[in-house]
Amino acid sequence: MNLRRDVFQAIADPTRRAILLLVASQSLTAGAIASNFDTARPTVSKHIQILTECELLEKEQNGREIYYHFNPKKIKEIADFIEPFRKMWDDRFNKLETIMKNYKPDK
Amino acid sequence: MELKTKIHAEDGKQELLITREFELPLELLFKAYIEPEIVEQWMGTKVLKLENKNHGSYQFETTDQMGNKHGFSGVIHELVMNRKITRTFEMENANFGPQLEFLEFEKLTDDSGDHQSKLSMHIVYRSVTLRDQILQLPFAQGINMAHNRLQKIMNTIK
C-alpha cells in the first residue's frame, strides 16, 4: 500500500497529536516521549518515525542521544492549505454584513 | 486576532464546516440569502432564478474578468424561514458534481442585545478527493489572476 506521508496524515492520529504537544515545549528523546504513553515502545517509535517523515519532527544528535524537536514551519502548512478558501468566504461574508448593516426596507 | 469566519476541514473526511458570526439580527442575515438583489451584491453573481421554498431551485451566473460566463445552480430541498436552508450546489461544466449544503441560521444573544447571529454551513462532497480539490480552487484562481496580471504587464512592455 502506498501510504501518504504528509502533515495531514500525521495529525490524523490522536497519539501523534499528543506527541506533537509534548515536543512543542521541549526537545525530547524517543525514550522520554515513549514514557508518557502506555502504548508499547515500538508503537510510539513508529509514530515518531511517521512524524519525522512528515517533517513535523526534526532529529538532532546530541552526544549519544537523539533528540526530537518540533518543526513549526510544517504545522503552518495545515493552516495555509485552507486559508485562501477561508479568505474567499470571509470576504463574501464581510460584504454581506456591510450590505445588511446599511439595509433599509422599501416599505 | 480571532477570525470571524472559521473553516473546519478534518483530514480524510468528505465534508467541511464553515461558521461565521455576524453583527446582524437573524432576520437580516437570512434576508441576505433569499432576496435576489442582495444575493447578487455579496456573492458577486447574477441571480437568474431563486425559488425560496421546499423543492425549489436556483440558478446563478457569474461573468469573470475575461468575459466568460460561469453557471452555478442547485435545488432547495428544504427552507425554513430564519432557521435553515438545505440545498445542493453545483458548478456547471466543472466536473466536480453537486455538493450537499446544510445552512443553519441562529440568533446569538449577548449583553448588547440580540443584534448578533450565526451561520453554520455544513458541506458534504461526493469524495475526500473532490473536497480537497475544491478547497484548493481559490488558491489556484489566485495564481491564475497573478498570471493574468503578469501577462497584461508583459503585453504593455513589448
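I began with the sheet of chain A, which is open, has 3 strands in the order β1-β3-β2 and pairs antiparallel; strands here are DSSP runs of E of at least two residues, helices are runs of H or I of at least four, and both are numbered from the N terminus, while two strands pair if DSSP finds at least two bridges between them. I noted that this is a predicted model, in which local features need pLDDT of at least 70 and side-chain atom pairs count only at pLDDT 80 or more, whereas totals for chains, interfaces and linings use all residues. Residues are numbered from 1 along each chain as its sequence is written, and chains are lettered from A in the order in which they are written.

I found β1 (28-29) and β2 (57-62) of chain A at the edges, each pairing on one side only. I then looked up how β1(A) is held to β3(A) (65-70): 2 bridges join these antiparallel strands, and A:Thr29 has A:Tyr67 as its bridge partner.

I next turned to α2(A) (14-25), which packs on the sheet and touches β1, β2 and β3 of chain A (contact: C-beta atoms, placed from the backbone, within 7 Å). I also checked α2(A) against α4(A) (41-53): their axes come within 10 Å and cross at roughly 70° (lines fitted to C-alpha atoms over the stretch in contact, with angles from 0 to 180 degrees between N-to-C directions). The two helices are therefore roughly perpendicular, a class that spans 65 to 115 degrees. A:Thr15, A:Arg16 and A:Ile19 of α2(A) meet A:His47, A:Ile48, A:Ile50 and A:Leu51 of α4(A).

Last, I recorded that the contact between chains takes 19 residues from chain A and 22 residues from chain B, with α5(A) (72-101) giving the most to chain A's side, 15 residues.

Technical notes: Contact = placed C-beta atoms within 7 Å. Parallel < 35°, antiparallel > 145°, perpendicular 65-115°, else oblique.
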